[in-house]
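Visitor: Hi! Could you walk me through this structure?
Guide: Happy to. Here it is.

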Amino acid sequence: MAINLEKGQRINLEKDGGQKLTNFCVGCNWGAITKKTFFGLSTSVVDVDLDLSCLLFDANGEVVDHIWSPEYNLSALKLPHGKLDSLDRALHHTGDDRKGDQNGDDGLDNEIITVDLNRVSSEIHSIVFFLNIYNNDKYKGDFSGIPYASIRMYEGTPSKVNSVFASYNVATKTECVGKRALIMGKLYRRNGEWKFNAIGDAFEDPSIVHTIVRVIQDYSK
Ligand SMILES: [Ca+2]
Ligand SMILES: [Ca+2]
């Protein structure tokens, strides 16, 4: 049975059979907004661009590595340029989806970070995942205005879901109303084992820059 994550919940990465979860996907599935126009006779689609990212920290809470869309060139802000792979190649992002599902829920996640915990550099002690609504002219709303948006950890590949380990529904959570950024959760080492803390803190951050700074300041330890 998949775990329905609650804010603040801490879980062991242990499957029903007792084996450890080591290879999995962290993904976000969301839909574009369909609007009825002209007295309901036709429809128009408003693209929604969510961005899934993560920051990787060492035991002292110093930034070791990061993954966010290469479309974000933040060098003017003294933040690293976006990239899709971690330096140790243990984590890989499938790429920036700027639209969301256009024809209803396709059951697949639109942005995914694949994780192989066995390959994570020993230097890394925590990995914080976060989600932003990209700041563009198409969608100015918050998480609650998106027809569906959920995050999950599952075994499989970006194109095939074998077994869902845990999920978190963003669009229906009251704490996400009025918010455009979500600190999803943190993978962290404890006594040689990986665990997961479903943080679930949501913020009004107008851009990913605010969230990156926030994660570095408040979620690195
Ligand atoms: Ca995106
Ligand atoms: Ca989808």
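This is a predicted model: local features need pLDDT of at least 70, side-chain atom pairs count only at pLDDT 80 or more; totals for chains, interfaces and linings use all residues.

Visitor: Good to know. How many helices and strands does the protein have?
Guide: There is 1 helix, and there are 15 strands.

Visitor: And how compact is the protein for its 221 residues?
Guide: It is as compact as a globular protein of that length, because its radius of gyration of 17 Å is close to the 17 Å from the globule rule. Along the principal axes, the C-alpha atoms fill a box of roughly 60 × 45 × 30 Å.

Visitor: What share of the residues counts as buried?
Guide: That would be 37% of the 221 residues.

Visitor: Sequence separation next: what share of the contacts between residues at least 6 apart joins residues at least 24 apart?
Guide: For the protein, 64% of those contacts do.

Visitor: Now the sheet. In what order do the 6 strands of the open sheet come?
Guide: The order is β1-β12-β11-β3-β9-β8, with mixed pairing. At the edges sit β1 (3–4) and β8 (91–93), each of which pairs on one side only.

Visitor: How does β8 attach to β9?
Guide: Through 3 bridges, in the antiparallel sense. Leu91 stands opposite Val115 of β9 there.

Visitor: And which way does β3 run against β9?
Guide: Antiparallel: 6 bridges join β3 (residues 23–30) to β9 (residues 111–116). Asn23 is opposite Asp116 in β9.

Visitor: How many bridges join β11 to β12?
Guide: There are 8, between residues 149–157 of β11 and residues 160–169 of β12, and the two strands run antiparallel. Ile151 has Tyr168 of β12 as its bridge partner.

Visitor: Let's switch to β13. Why is it largely enclosed?
Guide: Of its 10 residues (181–190), 7 are buried, so the rest of the structure largely encloses β13.

Visitor: Which residue stands opposite Phe129, where β10 pairs with β13?
Guide: Gly185 of β13 does. β10 (residues 124–133) and β13 are antiparallel, with 7 bridges.

Visitor: What about β15 and β13?
Guide: They run antiparallel too, joined by 3 bridges, with β15 covering residues 201–203. Ala181 stands opposite Phe203 of β15.

Visitor: Last one: what do β13 and β14 form?
Guide: A hairpin, with 2 residues between the strands; Asn191 in the turn has a positive phi of about 55°. β13 and β14 (residues 193–197) pair antiparallel over 5 bridges, and Arg189 has Trp194 of β14 as its bridge partner.

Technical notes
Residues are numbered from 1 along each chain as its sequence is written. Chains are lettered from A and ligands numbered from 1 in the order in which they are written. Two strands pair if DSSP finds at least two bridges between them. Helices (H or I, at least four residues) and strands (E, at least two) are DSSP runs, numbered from the N terminus. The radius of gyration is taken over C-alpha atoms; the globule rule is 2.2 Å times the number of residues to the power 0.38. A residue is buried if 20 or more other C-beta atoms lie within 10 Å of its own, exposed if 12 or fewer, and partly exposed in between; C-beta atoms are placed from the backbone. Two residues are in contact if their C-beta atoms, placed from the backbone, lie within 7 Å.
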